[in-house]
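Dear colleague,

Please find below the structure that I am handing over to you.

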Amino acid sequence: MKKFISVLLSVVFIVSGTVAGFTPAAAQGNKIDASNDINGFIDGITELAREYDKDKNFVVPENDETAQIQTFSAGNATDETTDNDTSEYTLQDFQTARLIVRANGKFNKNGALEDISGFENFHILQYENSEKAMAAYEQLQSEKNITELTPDEVCTYCGYEGTPENPDIISKDEFLNDRSRDRTQSKRLQDYLAKSDISMKEIVVGVVDTGIDYNHEIFEGRVKRTYFNATSSGNADDEMDSEMFYHGTTVSSIIINNSPKNVKVAVYKVSNNNDDLTVTTICAGLLEAIEKQSDIINISLASSSDSSMITECILKAYSKNIPVFAPVGNYGMLDSYLMPANIPECIAVSATDFNNTTTFINSLTPNSDISAPGEDIATAIPGNRYARFSGTSYSSPYAAALGAILKS
């Protein structure tokens, strides 16, 4: 499916150039109740975020390889790696006070407040604070049934080469007739489909992001409400976007602006801003999008974590023929192997500039399946307003929109 979609998307772009069970095994009090299945796993993660993250201010790791958390893999351990030296880690690496554990049998939870399980032998262990999480990490390395162990890392979005606090406001007409629509030929394609009276089935693009301003005029009749919120902010059953960050609204608006009315967006809120996004909430959003039968998934974010949990979520989507589009990242000349874009079963999207050539924004990566506009992109923002931003975050939904048309 990935190669098929990639080839078709490449054809479209060439033409444009020519004309994520929850087992509540709480060691110190069981506060969350859910069944041992994937839906319980999703619910458990969302409840952990709401209960334990609400008063925390996470710090996004620096964009360099020395700041990336390395996974301890007991399954591949050698004499040299079994006795891991954890001096490379700081308390910031454990700021969520959560560990992601993969195990093929029982193991000592080392004082975890909560144990969420139910997906591919993963356990999410919640601890009282960073110190206890770091101490548990050191102890868990000796557990024989553990095959993978990593902190629950704070991640980042691949957008906003600009300032959302002071956006470059544009008119609605400028948004609807953005030059990038000529570059991708999305408007020409939509006009052709409408004129030809071609019957197209409804396609739902699942957007794993900060939420969506579903009251914005541009989304009228184009939003499938999810009522999914895996963050500690807002109402538990409301995916309304952040008024200050609104990344999900911008990404969703590109999909809507570049696809016909049969294409809808369903947004899964996994963060409220750029400093409360974690591996576990990413996976909760991905799994919810998969379980709710999205036809396409766009996830404009990046993780440098070595946890295989994101990979397993992408593999689950792949097994269900759900193409997942993700950006390569905005780290420029920094050599970055970011997830999920660099997972082979994910469609990796890089950005192009005004001249339809690669832009300095793109992270250096061994994998890039397709490129799309990513410089000075017209988007919708909350309050029925429109603005321009740059970033690979915006390249990905262009590709996802055309993928949705092809899947129609």
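**Strands and aromatic contacts**

Strand E1 (residues 98–103) pairs with strand E4 in the antiparallel sense, over five bridges. Please note that this is a predicted model. Within E4, Leu149 is the bridge partner of Val101. Strand E4 itself spans residues 146–151 and is mostly covered, with five of its six residues buried.

Turning to the aromatic residues, the structure holds seven aromatic pairs. One of them joins Phe94 and Tyr137: the ring centres are 5.4 Å apart and the planes stand at 70 degrees, above the 60 degrees required, so the pair is edge-to-face. Phe94 belongs to the loop between helix H3 (79–82) and E1, whereas Tyr137 belongs to helix H4 (residues 130–140), so the pair ties together parts that are 43 residues apart in sequence. Both Phe94 and Tyr137 are buried.

A further pair is formed by Tyr157 and Phe245, whose ring centres lie 5.6 Å apart with planes at 55 degrees, so this pair is tilted. The pair links distant parts of the chain, 88 residues apart: Tyr157 is in strand E5 (residues 156–157), and Phe245 is in the loop between strand E7 (203–209) and helix H8 (247–257). Tyr157 and Phe245 are both buried.

The charged end of Lys109 sits over the ring of Phe107, at 4.6 Å from its centre. Arg225, in turn, lies over the face of Tyr214, 3.8 Å from the ring centre.

With kind regards

Methods. Residues numbered from 1 in each chain as written. Predicted model: local features only at pLDDT ≥ 70, side-chain atom pairs only at ≥ 80, totals over all residues. Heavy atoms only, no water. Buried < 20%, exposed > 50% of the residue type's maximum accessible area, 1.4 Å probe, protein only. Helix = DSSP H or I, 4+ residues; strand = E, 2+ residues; numbered from the N terminus. Pairing = 2+ DSSP bridges. Phe/Tyr/Trp six-rings, centres within 6.5 Å; stacked < 30°, edge-to-face > 60°. Lys NZ or Arg CZ within 6 Å of the ring centre and 35° of its normal.
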